[in-house]
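Subject: Structure for you to look at

Hello,

Here is the structure I said I would pass on. My notes on what turned up are below it.

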Amino acid sequence: MKKNLRVDGDRLWQSLMDMAKIGPGVAGGNNRQTLTDEDAEGRALFKQWCDDAGLTMGVDKMGSMFMTRPGTDPDALPVYVGSHLDTQPTGGKYDGVLGVLSALELVRMLNDADIKTKHPICVVNWANEEGGRFSPPMLASGVFAGVHSLDYAYGRKDLEGKTYGEELKRIDWVGEEEVGARKMHAYFEYHIEQGPILEAEEKEIGVVTHCQGLWWLEFTLTGKEAHTGSTPMAMRVNAGLAMARIFEMVQEVTMAAQPNAVGGVGQVTFSPNSRNVLPGTVTFTVDIRTVDIEKLNGMRDAIKEKAAVICEELGVGCSVEQVGQFDPVTFDPTLVDRVRNAAIDLGYSHMDIVSGAGHDACWAAKVAPATMIMCPCVDGLSHNEAEDISKEWATAGADVLLQAVLETAEISE
């Protein structure tokens with residue numbers, strides 16, 4: 001019976017399109033950042049859909065939503081399935097959202113077929129996965145897993161100086177549950193790949209075996225503000241020049257760490273950021289990732305040491321803050337096998353893959369068996385309003401999710 005079950009791909013796709021109407025971007029994507037009014041509106045719609053599906057809601061003090069379908073065994077721990085509904089400022093319609101709404105579609109299909117499971121199934125919307133407004137990313141799941149404290153999370157500030165705790169209260173989504181008090185039998189997360197490999201290899205399903213670890217190193221370089229036209233070259237304390245040399249050095253360190261290592265810079269702030277003034281301060285974050293913990297830490301150490309030398313040679317001050325970190329993750333082999341076998345049983349093309357991005361599953365894996373499923377995305381684009389997938393891709397991954405979750409939650413006869 002299990003192998004004959006499929007999700008309703010049309011219903012799933014319509015849910016994705018309906019959610020995308022909330023917090024529309026300027027170029028076809030979404031801007032539904034954490035704890036904004038748009039986030040609150042998306043949460044309300046999701047809650048309504050879950051109410052309609054007969055799910056019971058719980059909310060923890062970080063604002064994560066847990067929507068539960070009961071199991072037949074009152075002592076069985078729930079199988080958690082989900083992702084996140086928040087987006088980047090210029091995000092797409094599928095990053096995170098696909099995982100949450102596919103989990104809801106899974107429940108809807110079980111309701112339609114009148115199938116009961118031994119273990120409860122809990123659909124999760126983790127708060128602040130993206131980290132675009134409140135750094136670091138995966139903040140709520142990080143508190144859940146004991147990586148961050150609640151006080152630390154509540155004190156995180158956005159660019160306007162607003163804190164996470166204040167904004168969570170403002171949109172009225174502070175829950176009563178202690179964060180991390182829930183126990184999991186297993187955790188599944190379905191997500192778009194956010195890279196080009198599956199599409200290039202013409203595979204419908206990514207069986208995620210590992211997730212890369214990362215370091216985010218925030219550099220603050222201190223030079224001397226001076227007129228760009230009247231300050232002799234030999235008399236400059238040029239923080240911008242030091243930044244440029246560090247960028248080139250990060251590229252060299254990353255290339256020397258091949259294969260399976262990446263590094264770069266995506267955010268830079270100049271001060272005073274004027275055309276004819278050398279910057280007094282430059283702030284930027286180096287992002288390095290790999291699945292090898294020794295290689296990852298070696299890259300970090302090399303970048304910090306070489307940056308210090310560059311800045312000393314130019315007379316530029318240099319401080320480094322480690323603003324984000326998680327070790328590489330190996331997902332639970334039993335759950336990985338269930339995903340792979342589900343793809344085989346359903347006849348979907350598939351391949352093993354390593355997640356290049358961080359996900360809530362990385363923190364969930366610290367407290368329970370966990371794994372991920374991925375579907376392709378067009379040209380590998382994500383964190384971009386042009387992010388795109390097909391209905392067929394979305395449905396295939398949701399079918400695999402359904403099969404793997406059912407095997408884990410155990411159908412009640």
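Buried residues account for 55% of the 413 residues in the chain. Please keep in mind that this is a predicted model, and that the values below are computed from it.

On overall form, the radius of gyration is 23 Å, which agrees with the value near 22 Å that a compact globule of 413 residues would have. Taken along the principal axes, the box filled by the C-alpha atoms is roughly 80 × 45 × 40 Å. The secondary structure comes to 12 helices and 15 strands. Of the contacts between residues at least 6 apart in sequence, 80% join residues at least 24 apart.

I looked at one helix in some detail. Helix H8 covers residues 239-256, 18 residues in total. From its first C-alpha to its last it reaches 26 Å, close to the 26 Å expected at 1.5 Å a residue. At the start of H8, Asn238 places a side-chain oxygen within 2.9 Å of the backbone nitrogen of Gly240. Gly240 is itself one of the buried residues of H8.

In one of them, the ring centres of Phe219 and Phe284 are 5.2 Å apart and the planes are at 5°, under the 30 degrees cut-off, so the pair is stacked. Phe219 belongs to strand S7 and Phe284 to strand S11, so this pair ties together parts that are 65 residues apart in sequence.

The cut-off for buried is under 20%.

Two further items concern aromatic side chains. Phe66, Tyr80, Trp126, Phe144 and Tyr187 form one aromatic cluster. Arg108 lies over the face of Trp49, 5.6 Å from the ring centre.

The stacked pair Phe219 and Phe284 can be viewed along with them.

Regards

Methods
Residues are numbered from 1 along each chain as its sequence is written. This is a predicted model: local features need pLDDT of at least 70, side-chain atom pairs count only at pLDDT 80 or more; totals for chains, interfaces and linings use all residues. Side-chain values use heavy atoms; hydrogens and water are left out. Helices (H or I, at least four residues) and strands (E, at least two) are DSSP runs, numbered from the N terminus. The expected span of a helix is 1.5 Å times one less than its number of residues. Buried means under 20% relative accessible area, exposed over 50%, partly exposed in between (1.4 Å probe, protein chains only). A polar contact is a pair of N or O atoms within 3.5 Å; within protein, one must be able to donate a hydrogen and the other to accept it, and residues adjacent in sequence count only if both atoms are side-chain atoms. Rings of Phe, Tyr and Trp (its six-membered ring) pair if their centres lie within 6.5 Å; planes under 30 degrees apart count as stacked, over 60 as edge-to-face and the rest as tilted. A charge sits over a ring if NZ of Lys or CZ of Arg is within 6 Å of the ring centre and within 35 degrees of the ring normal. The radius of gyration is taken over C-alpha atoms; the globule rule is 2.2 Å times the number of residues to the power 0.38. Contact means heavy atoms within 4.5 Å.
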